[in-house]
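The structure is shown below.

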Amino acid sequence: MAQAAAVAKPPAPPRRRRASATPRRLPYLLIAPAALLMLGFIAYPVLSVFYYSLQDYNPTKPWRNGFAGLDNFTRIFTEDLIFWDTLVFSAKWVFVEVGLQLLFGLALALIVNQTFVGRGIGRALVFSPWAVSGVLTSAIWVLLYNSQTGITRYLADLGIGDYGTSWLSDTSTVFSAAVVADLWRGVPFFAILILADLQSVSKDLYEAAEVDGASRFKQFWHITLPHLKDAIILSTLLRAVWEFNNVDLLYTLTGGGPAGVTTTLPLYIANTSVDAHDFGYASALTTVAFVILLFCSIVYLRLSKFGGENK
């Protein structure tokens, strides 16, 4: 009996009920319809472009439609001189626009981050152009550049320039005019993102730097810029992609002219598909543009060490 009592085992703990899998899967089930719709609206057009890039497809010439293989890509790199011209101009456009927008956006963010009377109104005025659509922005600047009622008319009244001058029809001024128009809308994008990141910089860092005798420039260089690194990298990448794909502003302002000097690669693709109805060749151009953007984005993120620790 004593031995039996000694070896008696305590009662086993009650088994826990197995947690239901439904609550864990519920969030995924709720977002599944939206995810499927997004996948359909994104995946189908992308796959269609890849498919038609291997085809000769022109609705106005159905007798020539059919599988083309890599002929469209061969034509791009060996025969199409316009492609190279538009690619060079696209690189120039992106470099100038993104660089200037970053500089002016950073300056504006630093200004409106200060404390002054009417700061709220100032921020609203700085950010308001970003709320204007691209087409409306183009319409505003078309009116401003109008040779009869725009800026050049008032400058001519002051004795600067001649009456009837159109900056958008002159090959020597059209690029600068288009750059200014796009700057008006693009600068607030950088200002918004950079200002949001500036709000998270600890004021203790600046106070400690002032105690150590650091100048304003040294505080900016060693505290502000390192803190803004990831925000600047991400915003420049996003804006570079958007500027590369910019069609609405240049199409409305210049239509790619005069003499095709402001034709970007996306605008050339739009003209090839919409005006010439050569959807197969336009799809091949789009595929090449996609590969170029993907390659440049990966290289940029690698070289900039996005997400890495600041040293």
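In this predicted model, helix α6 (residues 134-144) and helix α8 (residues 174-198) have axes that come within 10 Å and cross at roughly 135°. Because angles under 35 degrees count as roughly parallel, over 145 as roughly antiparallel, 65 to 115 as roughly perpendicular and the rest as oblique, α6 is oblique to α8. Their crossing is right-handed. From α6, Gly134, Thr137, Ile140 and Trp141 meet Val180, Ala181, Trp184 and Arg185 of α8; contact here means heavy atoms within 4.5 Å. By class, this contact of α6 with α8 has 5 nonpolar, 2 polar and 1 charged residues.

Some terms apply throughout. Helices (H or I, at least four residues) are DSSP runs, numbered from the N terminus. Axes are lines fitted to C-alpha atoms, for helices over the stretch in contact, and angles run from 0 to 180 degrees between N-to-C directions. A crossing is right-handed if the near helix is turned clockwise from the far one by less than a right angle, and left-handed if anticlockwise. Ala, Val, Leu, Ile, Met, Phe, Trp, Tyr, Cys and Pro count as nonpolar, Asp, Glu, Lys and Arg as charged, and the others, Gly among them, as polar.

Residues are numbered from 1 along each chain as its sequence is written. Local features need pLDDT of at least 70, side-chain atom pairs count only at pLDDT 80 or more, and totals for chains, interfaces and linings use all residues, while side-chain values use heavy atoms, with hydrogens and water left out.

Among the residues in contact are Trp93, Val94, Leu102 and Leu110 of α4, together with Phe220, Leu228, Ile232 and Phe244 of α10. The contact of α4 with α10 divides into 11 nonpolar, 4 polar and 3 charged residues.

The other partner is α13 (279-304). Helices α10 and α13 pack at an angle of about 165°, with axes 11 Å apart, and are therefore roughly antiparallel to each other. This crossing, too, is right-handed. The contact includes Ile233, Leu237 and Val241 of α10 and Ala289, Leu293 and Tyr300 of α13. Its residues comprise 9 nonpolar, 3 polar and 1 charged.

Two pockets are described next. On a 1 Å grid over the protein atoms alone, a pocket is an open set of points where a 1.4 Å probe fits, with protein on both sides within 12 Å along at least five of seven lines; lining residues have an atom within 4 Å of a point. Grid points are joined across faces, edges and corners, and a volume is the space filled by probe spheres set on the points.

| Pocket | Volume | Lining residues by class |
|---|---|---|
| Largest | about 700 Å³ | 6 nonpolar, 6 polar, 6 charged |

The largest pocket is lined by 18 residues, with Asn113, Gln114, Tyr206, Gln219 and Thr224 nearest its centre.

Finally, the loop between α11 (248-253) and α12 (265-275) holds proline 258. The peptide bond from glycine 257 to proline 258 is cis, with omega near -5°. Alanine 259, placed in that loop between α11 and α12, has phi near 60°, a positive value in a residue other than glycine. Most residues other than glycine have a negative phi, and most peptide bonds are trans.

How values were computed. Helix = DSSP H or I, 4+ residues; strand = E, 2+ residues; numbered from the N terminus.
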